[in-house]
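Me: I have a protein chain here that I would like to get to know. Could you walk me through it?

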Amino acid sequence: MTTLTSRKKAHSREQKRRWNLATRYGITPEQYDEMLARQGGVCALCGVAMERPVVDHCHQTGRVRGIICHPCNIKLPAVEDMGWVMLAWAYLDGAE
């Protein structure tokens, strides 16, 4: 009976982080750390300490805007669509 062995190399957590930042956002871990330090270690949007920091970037240009918390990252796409924001405000005004 033949056993299958994985040919995948085991990459360290730091190697995976470095690859992810470089391929997704075009930045180094050092640039990420500098950005986070400039923000005082808090979310660039809401100013709260982050449990799960996320690199925020423009999906059209790829430009990195800052590091934000996961809750802000979830909400941000809705705010980028001003038409939807206006509909949401009208809905909320009518629901009272």
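This is a predicted model: local features need pLDDT of at least 70, side-chain atom pairs count only at pLDDT 80 or more; totals for chains, interfaces and linings use all residues.

Me: In what order do the elements of the protein chain run from the N terminus on?
Reply: Helices (H or I, at least four residues) and strands (E, at least two) are DSSP runs, numbered from the N terminus. The protein chain has four helices and two strands. Read from the N terminus, the order is α-α-β-β-α-α.

Me: What radius of gyration does the protein chain have?
Reply: The C-alpha atoms fill a box of roughly 70 × 40 × 25 Å along the principal axes. The radius of gyration is taken over C-alpha atoms, and the globule rule is 2.2 Å times the number of residues to the power 0.38. A compact globule of 96 residues would come out near 12 Å, but the protein chain has 19 Å.

Me: In which sense do strands β1 and β2 pair?
Reply: Two strands pair if DSSP finds at least two bridges between them. Strand β1 covers residues 53-57, and its five bridges to β2 run in the sense called antiparallel.

Me: Why is strand β2 largely enclosed by the rest of the structure?
Reply: Buried means under 20% relative accessible area, exposed over 50%, and partly exposed in between (1.4 Å probe, protein chains only). Strand β2 spans residues 64-69, and it is largely enclosed because five of its six residues are buried.

Me: Is His57 buried or exposed?
Reply: His57 sits in strand β1, opposite Val64 in β2. Contact means heavy atoms within 4.5 Å; beyond four places in sequence, His57 touches Tyr25, Gly62, Arg63, Val64 and Arg65. Its relative accessibility is 15%, so His57 counts as buried.

Me: How far is the C-alpha atom of Ile27 from that of Val64?
Reply: Ile27 lies in the loop between α1 (13-25) and α2 (29-38), and at 10% relative accessibility Ile27 counts as buried. Leaving aside neighbours within four places in sequence, Ile27 is in contact with Leu21, Ala22, Tyr32, Met35 and Val64. Ile27 and Val64 are 37 residues apart along the chain, and their C-alpha atoms are separated by 8.5 Å.

Conventions: Residues are numbered from 1 along each chain as its sequence is written. Side-chain values use heavy atoms; hydrogens and water are left out.
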